[in-house]
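Biologist: Can we walk through this model together? I'd like to go part by part.
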Amino acid sequence: MKKVAVIDGIRTPFVKSWTLFDRLSAHQLGALCVNELLQRTDLDAATVDEVIFGCVGEPVDAANVARVISIYGGIPKDKPAYTVNRNCASSFESVTSAVEKIRLGLDQIVIAGGTESMSNAPFLFGKDMAVLLMKLAKAKTFFEKLSILFQIRFQHLKPISALQLALTDPTCGLNMGQTAEVLAKEFGISRMDQDAFALRSHQRAIAAREKLREEIVPVRIPPDYEIVVQDDNGPRENQSMETLAKLRPVFDRYTGTVTAGNSSQITDGACVLLLMDAEKAKSLGYKILGSIEHYAYVGLDPSRMGLGPVFAIEKVLRQSSLALKDMELVEINEAFAVQVLACLEALGSQEFAKRYFSSASNLGLINLDILNVNGGAIAIGHPVGTSGARLILTCLNEMKRRSLKRGLVSLCVGGGQGGAIILERE
Amino acid sequence: MMTKAWRMKEEGGIAILEFDQPDADVNVLNSQNLLELKHLLAEIGSRHDLKAIVITSAKDRIFIAGADIREIEKISSTTDALEKAEQGKVVLKMIEDLEIPTLAVINGACLGGGYELTLACKWRVASSSEKVKIGLPEVNLGVIPGFGGTQRLPRLIGPMKALSVILAGRVVSAQEALKLGMVDRLFPEKVLLKNSIQFTKEIVNRQLTRSKGRSSSWFLEKTPLGRFLVYRQAKKGILRLTKGFYPAPMKALEVIQKTYGREAVCGFRLESEAFAELAVTDISKNLIKLFLANEQYKKFPRTKTHVPPLEIKQCGVIGAGVMGGGIAQLVSDKGIPVRIKDIQPQALGSALKEARTIYDSALKKKKLKRQELDFKMGLISVGLTTQTLRRSQIIIEAVVEDMKVKEKVFGELSQITDRSTILASNTSSLSITRMAEVSRYPERVIGLHFFNPVHKMPLVEIIPTPHTSEEVLAKTIQFARSLGKTVIVVKDVRGFLVNRLLMPYMNEAAYLMEEGCSPATVDQVATDFGMPMGPLELLDFIGIDIAAKVAKILHEAYGERMKCASLMKTVQEKGLLGKKSKRGFYIYKGKKKKPNPDIMTVQKSGVCPSRNDILKRLIYIMINEATRCLEEKVVEESSAIDIAMIMGTGFPPFRGGLLRYADFVGAKNIVDDLKRFRDQQQTDRFSPAPYLLRLSEKHQTFYPI
């Protein structure tokens, strides 16, 4: 099978929803990245075989958002594009789809990434109201219309937030924060530990600001283009344990530990990667940033979706015959501080290994010094469809800086899944 | 026997008249083929077996492009003109009088006399393709429709819509024509004739009648008071647009106003008379000559060698100023990705804003869809490094007018691009040759000078250097034309053509002020002549500092005759920079302007020359410089100067251009006046150039008579 190379990647700054990118659509953010990727890699757009994007809340005005991005991003119209959705792992999925296509020789050059504008998640009407509106549209006479209008009750007008729906598990009915509370209780992880983890995320993101700029394309905000956004606006320079301690638990008011401060932020942003058949890349004279050989997805109980990385990491290590200690750098997406901490504990637990993997030994401990070294979603934000691609890009760039050979990126997935990818550099 | 222009075939009792002018790409109506049509119609009239007549064209993109412009140009007397109009009318009347259904099948451009012919038919159908362009653009040539257009169109679609079409010389798409009622049906291009014949059969069988389109306003169209208001409004509109310089739209309005709702015969006669009156005017002659010259400049091939079209995947722009932003907008508008590079992060934002403002106003006017705006804006990307420009097939430099900076830019670009990338400079005055000489592969360096505002000004000057290859020149011309611009090729002299002529004009205005004229007087004289803007207002618009910079370069290049009036320096020192600083010769407040009292204090006291002399000094100094340009072969012919002045500076088109105007005045008169000014002012800048003197001595003109 062909070897797959990641050549380069680029992302927009991650911006807290309803702030600077409020008026930019998911496809504009994505197209901006595609355009800039072409520019920076000096790639002829006509050589791109396919564009694949992950997106969870696809814009209602841009069905198959990847196609819209492809055209707006300057890829010729005869190139196909499709959108994938594996919830929070959507842009893992877009990347691994690209890997599969290139491996099989179906494609040689693919742009894969993710985009999400959580600012633009719509508000919906309930089914009752929708039925009435349809009837109204079909009504012919004035009196028919009037009689339908009279059937509308105040409760019908209550809007439903699509974002709220997206963050709630459709099968177990728990919202993502509530699944985090499940883990907090199961593993007995304290509020203090969670807050400390959150604080570290902010501190690391702030310290990494200069480094992160290398992967960020500055965005000028229309229509005046005066404001230039070149950094993520989530990380707080003055974040402290005291401030974090003041926050109230959101999902379990009295005994809960999960707060807005130790959870990932709701964010807008896009990220793309350029993937190529490694042979092709060499023939075109591209330097290879890294390669993707092994990856795995798993399913688990939706109410404990935060443990997804544990199961995914176990699977990918098993498949690759590698061990956790071989990983020189690790990114586990910080959906919630407690969820990452729970994963670390489960990975290090013999009991857990015995129970779930029928194995005598644990998977191993991850040194915090190599985990999420440039901060994570708690500080930077978690635009759900985009985070996967960002983890890959950030991790590869840091591996390059540190001249490392092997890295691991993983994330938990709403709905009860996990994904893990092993990144390699020569 | 000559080849016939009209062919007739029959299909199930339907006669199909096909217009196919022999040995020509286009169909135009001339005396000969109208006569031929007349005979054919007489024959048809005597046949009682025909059920319907379909008129169409055999040319691919053209139905009938209009009446033969060259015939109109040659008209020398009103009687001649009247006869021409009446001749056409007789033939069209024969079509109208046929009792069987008549149908025009419009497959392409259908303009002027061509559309008037279809108006004589009972029905009109068109293909829905983009090739179809329908309208009555006669007023643009200084005349009015002469084959009954002012009579039949108002009756067909109502006076309000008809006025909007005729007075502005509007040409509309098939879809718009359908909406206006100018055609009855649209059919797909591929099955146009088939569907048209089917449609004709329906008409024949079912006696289909046209549904009376609902009038847009009963009050405005059907009542005398309403119509009075419509006409008054139209008149105001015309005056606003033509400033009273172009009589044709007013004449058209007059004819429609006098004849709408009256008896047809008188109306037709009145139209012919108005047409005849206009057709012999200089204005019409000038506009026709200009039209023909413009057609030529749109197409003429520059090089004999065949050059494959330049495929542009990306255009690079260096310098995110007003020009850079404007160029980026223009290029992205044609669907080409653009990368703007500047060293100032803030400038990048303002270039995007520049482009966005233009798109926003198009959006507001509904000339652009929201999605198109997003797409086209998305094509413009910005950055601080030159590296990303490597992917461009053409890179246009629009940085500050400073040779050192330009040299640096061309040096840098030489590093990252290879032989195949065209490097163009948008400089308005600096030496392109020098820029070429600091570049690797100088044969690909060329001047490509746009005018501000880029999206509005139709001209570009293209400046090859002695090093420039024919291929690069041809490709650059192609590129500029693909952006919708009219191209003139100019030698690499300082100021090229337009600025070299315009600078003395603006400078002269400053001299006039020094002598004691008020800015308003000078500008008024120019606008009364037909210039879109007075020279001093123009200086404010350009920016007095920028103009002074150009003036200095020209002074260095051409010596004393281009010496900058000292007033310009004083004004600049006072911090009056023009519109951008809100104060220059005028004070600008929002959209209003008023004379700046501060200016008066820098004036020397003196006597302002007569208005006549002001005009002469402003215009003749340009004519004088233009003859130098001709002699130095800056451009190859007089028409290039006229096209450039009209397209690049808004020189009044009805005057035919700078040198047409010179011919109108006469070289001798110009020389005499120039000598008089030279003696009065004790300055050499009025000394007549040798070329002009020769014309004057030999009683010759710039254009052959």
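Biologist: What does the domain assignment of chain B give?
Modeller: This is a predicted model. For chain B the assignment gives domain 1 (6-280), domain 2 (315-489) and domain 3 (498-698).

Biologist: How far apart do the C-alpha centres of domain 2 and domain 3 of chain B lie?
Modeller: The C-alpha centres of those two domains of chain B lie 29 Å apart. Ten residues from domain 2 of chain B and twelve residues from domain 3 of chain B make up the contact.

Biologist: Which strands each supply at least two residues on the domain 2 side?
Modeller: β17 (459-464) and β18 (486-489) of chain B each do, on the side of domain 2 that touches domain 3. By class, that side of domain 2 of chain B has five nonpolar, three polar and two charged residues.

Biologist: What order do the strands have in the open sheet of eight strands in chain B?
Modeller: The order is β13-β12-β11-β14-β15-β16-β17-β18 (chain B), and the pairing is mixed. β13 (380-383) and β18 of chain B are at the edges with a single partner strand each, so one side of each has no neighbour in the sheet. From one strand to the next the twist averages 25°.

Biologist: And β11 with β14 in chain B, how many bridges join them?
Modeller: Four bridges join β11 (residues 315-318) of chain B to β14 (residues 394-397) of chain B, and the two strands run parallel. Within that pair, B:Gly316 stands opposite B:Ile395.

Biologist: Now the other sheet, the open one of six strands in chain B. What is the order there?
Modeller: It reads β1-β2-β3-β5-β7-β10 (chain B), with mixed pairing. The edge positions go to β1 (6-11) and β10 (185-187) of chain B; each has a single partner strand, so one side of each is left without a neighbour in the sheet. The twist in this sheet averages 25° from one strand to the next.

Biologist: Do β2 and β3 of chain B pair in the parallel or the antiparallel sense?
Modeller: Strand β2 (residues 14-19) of chain B pairs with strand β3 (residues 52-57) of chain B in the parallel sense, over six bridges. B:Glu18 is the residue opposite B:Thr56 in β3(B).

Biologist: Which helix lies across those strands of chain B?
Modeller: Helix α8 (residues 192-206) of chain B lies across β1, β2, β3, β5 (102-106), β7 (123-127) and β10 of chain B. The helix runs at about 160° to β3(B).

Biologist: Switching to helix pairs. At what angle do α20 and α27 of chain B pack?
Modeller: Helix α20 (residues 498-514) of chain B and helix α27 (residues 638-649) of chain B pack at about 70°, with their axes 10 Å apart. α20(B) and α27(B) therefore count as roughly perpendicular to each other. Their crossing is right-handed.

Biologist: Which residues of α20(B) and α27(B) meet there?
Modeller: B:Val498, B:Leu501 and B:Leu502 in α20(B) meet B:Ala644, B:Met645, B:Gly648 and B:Thr649 in α27(B). By class the residues of that contact are five nonpolar, two polar and no charged.

Biologist: Last topic, the chains. How many residues of chain A and chain B are in contact?
Modeller: 18 residues of chain A are in contact with 19 residues of chain B. On the chain A side, the largest share is six residues from helix α1 (residues 26-41) of chain A.

Biologist: What classes do the residues on that side of chain A divide into?
Modeller: Seven are nonpolar, four polar and seven charged.

Terms used
Residues numbered from 1 in each chain as written. Chains lettered and ligands numbered in written order. Predicted model: local features only at pLDDT ≥ 70, side-chain atom pairs only at ≥ 80, totals over all residues. Contact = placed C-beta atoms within 7 Å. Nonpolar A, V, L, I, M, F, W, Y, C, P; charged D, E, K, R; others polar. Pairing = 2+ DSSP bridges. Axes fitted to C-alpha atoms, helices over the stretch in contact; angles between N-to-C directions. Parallel < 35°, antiparallel > 145°, perpendicular 65-115°, else oblique. Left-handed = near helix turned anticlockwise from the far one by under 90°. Domains from an automatic or database assignment.
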